[in-house]
Amino acid sequence: MNRYLPVARQHFLSALASTSVVVKSICATVVVLYVVSFVVDIVFVLGVTPGFLFPPNFWIWTLVTHPVVEYHIWDVALSLGTVVLAGRLLEPLWGALELLIFFAVVNVSVGILGGLSYLLTYITTFNLDYLFRVHIHGMLGFLGGVLVALKQTMGDTIALKVPQVRMRVVPMLLLLAFGVLKLTPLVETNMLASYGFGILSSWIYLRFYQKHSRGRGDMSDHFAFATFFPEILQPAVAVIANLIHTILVKVKVCRKTVKRYDVGAPSSITISLPGTDPQDAERRRQIALKALNERLKRSEDHSAWPDMEEEDEEENINAPSISEKTKPGKEALDGSKSTSLESSIITFEEAISQS
């Protein structure tokens with residue numbers, strides 16, 4: 001175990017060095033606040049406590065500070081790893097500013113949704129522990145958001161080889177694992193709630209509101225909400241999700257998005273088609289090219305193609321030239337002609353002598 005720690009530390013520092021000042025600042029804040037937690041109960045002051053979040057207390061700053069607060073060293077390691085992972089894989093695609101916006105949107109949403117859920121639980125049970133003894137903090141919500149973003153950008157990438165697990169199923173597999181571990185003392189309710197709300201809030205933001213060069217959101221088929229679930233459940237989940245989306249569109253919470261497909265013609269004509277998206281089409285094209293390359297590689301490995309140039313040279317060496325082939329034939333023809341001529345002359349003289 002000890003021999004792997006220097007290697008892990010070296011990889012982490014090299015990955016951190018290649019990130020922007022946004023990632024470095026978040027990591028530094030997590031470490032500093034962890035050190036301060038030995039002196040002050042930093043979770044109570046900077047974490048989201050449902051009873052203090054809403055009026056009359058209204059501790060609004062905790063919505064911003066709760067993701068960088070941790071109790072244990074292993075939680076600090078998880079938070080730093082999550083932020084560096086986002087910096088290495090998402091920041092090159094989005095930029096530092098968009099990554100910071102995504103970080104803020106997901107964590108603020110986790111704080112609000114988590115506080116509301118515990119408030120509703122208190123209204124149902126009248127148990128004050130749900131208001132004042134529960135603290136929402138840490139990066140589990142942002143971890144769920146990062147995994148959803150990786151599902152969107154590199155969903156077909158293999159995350160685990162044995163057994164083979166692709167990135168598109170990792171968010172829900174980890175949620176299932178948290179749900180099972182919730183039955184043990186290892187996982188608390190606030191951890192499961194933070195991760196689940198992180199998945200939900202990040203998908204809503206990436207699906208409908210994120211700004212990019214093609215407009216807003218990602219309405220491609222591979223990023224629909226039903227794709228987070230097993231295939232046997234996807235039709236039922238799709239019906240419920242479409243119904244909720246229709247209601248949200250009618251109440252002006254979400255707007256109906258028109259999917260646009262650029263046919264790539266010389267003119268600037270853009271055709272609007274349901275169910276088609278440039279990003280989805282590009283993703284399918286990359287998958288097809290990858291499959292074709294693998295098939296060509298396998299065929300080259302199983303078959304050895306002969307060298308045509310060497311065979312041509314051998315044939316040229318072994319085969320006689322055309323002039324050599326025709327020369328004997330010409331001599332034979334001339335010989336046959338002369339023989340026939342002599343024979344005809346002899347026959348003519350013999351005829352005279354006989355007469």
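Helices here are DSSP runs of H or I with at least four residues, numbered from the N terminus. Keep that in mind for every selection below. The model is predicted.

**Stop 1: helix H13.** Select residues 234–250, which form H13. Its 17 residues, at 1.5 Å a residue, should span 24 Å, and the end C-alpha atoms are 24 Å apart, so the two values agree.

**Stop 2: the cavity.** How many cavities of 30 Å³ or more does the structure hold? There is one. The volume of this largest cavity is about 40 Å³. Select its lining: Val22, Val23, Ile26, Val83, Ala86, Leu99, Phe103 and Phe142. Colour by element next. H2 (21–36), H6 (73–89) and H8 (96–125) are the helices that each give two or more residues to this lining. The largest share, three residues, comes from H2. Then colour by residue class: eight lining residues are nonpolar, none is polar and none is charged.

**Stop 3: the nonpolar patch.** Select Val32, Val36, Phe38, Val39, Val40, Phe44, Val45, Phe58, Ile60 and Trp61. Together they make a nonpolar surface patch of about 930 Å². Which elements give two or more residues to the patch? They are H2 and helix H3 (42–46).

**Stop 4: Phe58.** Pick out this one patch member. Phe58 sits in the loop between helix H4 (50–53) and helix H5 (62–65).

How values were computed: Residues numbered from 1 in each chain as written. Predicted model: local features only at pLDDT ≥ 70, side-chain atom pairs only at ≥ 80, totals over all residues. Heavy atoms only, no water. 1 Å grid on protein atoms, 1.4 Å probe; cavity = no way out; pocket = protein on both sides within 12 Å on 5 of 7 lines; lining within 4 Å. Points joined across faces, edges and corners; volume = space filled by probe spheres on them. Nonpolar A, V, L, I, M, F, W, Y, C, P; charged D, E, K, R; others polar. Expected span 1.5 Å × (residues − 1). Patch = residues over 30% accessible without salt bridge, like charges linked within 9 Å, V, L, I, M, F, W, Y side chains within 5 Å. Areas by Shrake-Rupley, 256 points an atom, 1.4 Å probe, with all protein chains shown as cover. Salt bridge = Lys/Arg side-chain N within 4 Å of Asp/Glu carboxyl O.
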